[in-house]
Amino acid sequence: QGYIGYDLQNALREELLDRGISKSAATVLTQVQVDPKDPAFQHPTKPIGAFLTPDEAKHLIQQRGYQVVEDAGRGWRRVVPSPQPRRIVEIEAIRLLWDHAIVVACGGGGIPVVENPDGTLEGVAAVIDKDFAAELLAEQVCADVLLILTEVEKAAIRFGKPDQEDLGHISLAQAAQYAAEGQFGVGSMLPKVEAAMRFVRANPGKRAIITSLDKALDALDGKTGTVVTFA
């Protein structure tokens, strides 16, 4: 969070200066509370860290109790849980900055923490999905739009097939149907669509958009992107 936030806020600062805009950018190191009873803790799925040889993987299993998986034939990697975000700990600080700076927050999904019985917070080995963290942040700052940027201009059904269909405006019900049909990649587009669905379900009068960075302004103007609305 700190390193990437540093790069982002400096890039934003330079862009704002070039455009003659007097506004700061600030990074907030963000803790995100998760439930220690989240079922994800029983089924670690998120690969992290460097690729390992079989011997290195065996050593980490024996010495540290890590769980590892083979990752697409490229080697072995540690896997950790991916629990759902429940609360953004620094949300009040983010809200205070909101009117005075461009705030970079919840980087990488946030630092996952659990609350101890005495009220203290403790970090846990996990990775929170960044799309779900972004959706929670959008809700808690009362954002007008949830804009999720990815590598493609639009989400699609039957992706990669001759009859692929790019999606423009879709309703919450349509998005849910496509998700139930398995139309979206589990580790790629599905969490983005699910985050979009959560946002419009919680905010029926608002919209969520999935598009690429170079199409972001056009998508906000309603010219492209996959736009999810309540109806």
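Q: How close do the axes of helix 5 and helix 6 come, and at what angle do they cross?
A: The axes of helix 5 (residues 172–180) and helix 6 come within 10 Å. They cross at roughly 150°. This is a predicted model, by the way.

Q: Parallel or antiparallel, then?
A: Roughly antiparallel, because angles over 145 degrees count that way.

Q: Is the crossing of those two left-handed or right-handed?
A: Helix 5 and helix 6 make a left-handed crossing.

Q: Which residues meet there?
A: From helix 5, Leu172, Ala175, Ala176 and Ala179. From helix 6, they meet Leu190, Val193, Met197, Val200 and Arg201.

Q: OK, now helix 4. How does its axis sit against that of helix 6?
A: The two axes come within 8 Å. Their crossing angle is roughly 15°. Helix 4 is therefore roughly parallel to helix 6. Helix 4 passes helix 6 in a right-handed crossing.

Q: Who makes the contact?
A: Helix 4 brings Asp131, Phe132, Glu135, Ala138 and Glu139. Helix 6 brings Pro191, Lys192, Glu194, Ala195, Arg198, Phe199 and Ala202.

Q: And how many of each class are in the contact of helix 4 with helix 6?
A: Six nonpolar and six charged, with no polar residues.

Q: What classes line the largest pocket?
A: Its lining has 25 nonpolar, six polar and six charged residues.

Q: What about the second largest pocket, how big is its volume?
A: The second largest pocket has a volume of about 540 Å³.

Q: How many residues line it, and which lie nearest its centre?
A: The second largest pocket is lined by 21 residues. Thr45, Lys46, Ser82, Asp129 and Val186 lie nearest its centre.

Q: Which helices each give at least two residues to that lining?
A: Helix 4 and helix 6 (189–202). Helix 6 supplies the largest share of the lining, four residues.

Q: And the class count for the second largest pocket?
A: Seven nonpolar, six polar and eight charged residues.

Methods
Residues are numbered from 1 along each chain as its sequence is written. This is a predicted model: local features need pLDDT of at least 70, side-chain atom pairs count only at pLDDT 80 or more; totals for chains, interfaces and linings use all residues. Side-chain values use heavy atoms; hydrogens and water are left out. Ala, Val, Leu, Ile, Met, Phe, Trp, Tyr, Cys and Pro count as nonpolar, Asp, Glu, Lys and Arg as charged, and the others, Gly among them, as polar. On a 1 Å grid over the protein atoms alone, a cavity is a set of points where a 1.4 Å probe fits but cannot get out, and a pocket is an open set with protein on both sides within 12 Å along at least five of seven lines; lining residues have an atom within 4 Å of a point. Grid points are joined across faces, edges and corners, and a volume is the space filled by probe spheres set on the points. Axes are lines fitted to C-alpha atoms, for helices over the stretch in contact, and angles run from 0 to 180 degrees between N-to-C directions. Angles under 35 degrees count as roughly parallel, over 145 as roughly antiparallel, 65 to 115 as roughly perpendicular and the rest as oblique. A crossing is left-handed if the near helix is turned anticlockwise from the far one by less than a right angle, and right-handed if clockwise. Contact means heavy atoms within 4.5 Å.
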